[in-house]
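Hi everyone, thanks for coming.

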Amino acid sequence: MPDILRFDNFRLDLQDDEGRRYNLLDDISFTLPEGKALGIVGESGCGKSITSLAVMRLLPAAARVTGGSVSLKGMDLMSKTPKEMGDIRGRDVAMVFQDPMTCLNPVLTIGLQIGEAIRRHNPQMAEPELKAATLELLHKVGIPNPEKRMKNYPHQFSGGMRQRTMIAMAIACSPALLIADEATTALDVTIQAQVLDLMVRLKEGGSLMFITHNLGIVAEVCDEVTVMYAGQIVEAGTVEEVFLHPAHPYTKGLLLALPTLRSKGNTLYNIPGVVPTVRNFTPGCRYAPRCDYKLPVCSERKPARCVLNDRHHAACYLYEEVMA
Ligand SMILES: Nc1ncnc2c1ncn2[C@@H]1O[C@H](COP(=O)(O)OP(=O)(O)O)[C@@H](O)[C@H]1O
Ligand SMILES: [Mg+2]
């Protein structure tokens with residue numbers, strides 16, 4: 001299966017107002033095979049959003065790419081011109097963000113905004129055709145009464161319906177890759193389940209990159225998972241492998257912190273400490289300061305990627321020892 005998306009040793013620094021640089025993304029490598037759903041997980045501040053914004057080439061002003069590559073359908077994205085990126089966005093890759101209110105224009109109707117999204121890559125489309133396509137999209141994302149609803153403004157929609165609208169706009173030009181960044185985090189759990197269902201259904205032949213701090217969602221929606229901690233990939237593999245046989249202490253901690261029926265009444269495990277800010281990242285494995293299994297070498301050199309089997313790898317000295 002060809003890869004739709006590929007990160008190869010991608011490195012990115014953040015520059016502060018004084019011009020000091022701090023490495024955030026440290027040799028990020030992963031692939032997303034065509035037609036699959038890949039989850040990127042990790043606590044807040046681990047660099048998940050910046051990674052996804054790199055695919056859209058919508059990086060914040062402070063970001064400096066210092067090495068490696070990101071390729072989408074074999075195209076090297078970092079070498080594209082802004083014009084070329086404009087053509088790629090929407091057509092080859094589209095993104096659904098967490099907060100639809102910041103992405104929807106409050107003074108334009110829902111129908112008009114979806115129409116704009118369709119028109120971006122179909123500028124010649126005539127008005128009746130555009131309306132039909134808008135109605136079809138609204139129907140596809142499960143908005144009832146689309147004929148009436150397309151005349152509404154965003155404030156007349158519930159949170160779940162706004163998120164459905166964002167999904168409609170994202171899939172307007174049938175992108176090969178859909179990225180959802182915490183797209184259901186702000187929704188009530190029942191609505192969240194509906195929107196998740198919708199995305200899985202819409203994925204069909206396409207590919208999905210699903211960014212979340214919620215491992216339960218990844219288990220439900222994704223085929224593969226990449227676990228990130230403080231800008232480093234600590235573990236990756238199929239969902240089954242990683243969830244049933246977690247290798248990295250960070251992944252184990254995240255899974256232990258997951259509420260289950262069995263944990264009812266007991267206090268939940270919490271990984272001690274918090275993700276540091278980028279200026280406080282430590283050398284070696286960045287998880288070492290929080291790790292119960294830390295060895296002296298962990299804070300000196302970054303562990304190599306250890307292949308556990310053909311569907312599972314982890315970057316941790318515990319496994320380098322085993323394999324040596
Ligand atoms: N626009 C920005 N300017 C400067 N630093 C940023 C910006 N956005 C995020 N960061 C920093 O980059 C790090 C990773 O952020 P982010 O990718 O948003 O993490 P996540 O999505 O995993 O929560 C954080 O330390 C955050 O403070
Ligand atoms: Mg984020």
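**A helix pair and the chain around it**

Let me start with one detail: helix α7 passes helix α8 in a right-handed crossing. Please keep in mind that this is a predicted model.

So who are these two? Helix α7 covers residues 159–170, and helix α8 covers residues 189–203. Two packed helices are described by the angle between their axes and the distance between the axes. Here the angle is about 15 degrees, and the axes of α7 and α8 are 10 Å apart. Angles under 35 degrees count as roughly parallel, and therefore α7 and α8 are roughly parallel to each other.

Which residues in α7 meet α8? On the α7 side you can find G159, G160, Q163, R164 and I167. Their partners in α8 are I191, Q194, V195, L198, M199 and L202.

Now let's zoom out. The protein chain has 12 helices and 12 strands. Its C-alpha atoms fill a box of roughly 65 × 50 × 45 Å along the principal axes. For 324 residues, a compact globule would have a radius of gyration near 20 Å, and the 21 Å of the protein chain agrees with that.

How much of the protein chain is buried? Buried residues make up 40% of the 324. And among contacts in the protein chain with a separation of 6 or more, 62% come from residues 24 or more positions apart.

That's my tour, thank you!

Terms used: Residues are numbered from 1 along each chain as its sequence is written. Chains are lettered from A and ligands numbered from 1 in the order in which they are written. This is a predicted model: local features need pLDDT of at least 70, side-chain atom pairs count only at pLDDT 80 or more; totals for chains, interfaces and linings use all residues. Axes are lines fitted to C-alpha atoms, for helices over the stretch in contact, and angles run from 0 to 180 degrees between N-to-C directions. Helices (H or I, at least four residues) and strands (E, at least two) are DSSP runs, numbered from the N terminus. Angles under 35 degrees count as roughly parallel, over 145 as roughly antiparallel, 65 to 115 as roughly perpendicular and the rest as oblique. A crossing is left-handed if the near helix is turned anticlockwise from the far one by less than a right angle, and right-handed if clockwise. Two residues are in contact if their C-beta atoms, placed from the backbone, lie within 7 Å. The radius of gyration is taken over C-alpha atoms; the globule rule is 2.2 Å times the number of residues to the power 0.38. A residue is buried if 20 or more other C-beta atoms lie within 10 Å of its own, exposed if 12 or fewer, and partly exposed in between; C-beta atoms are placed from the backbone.
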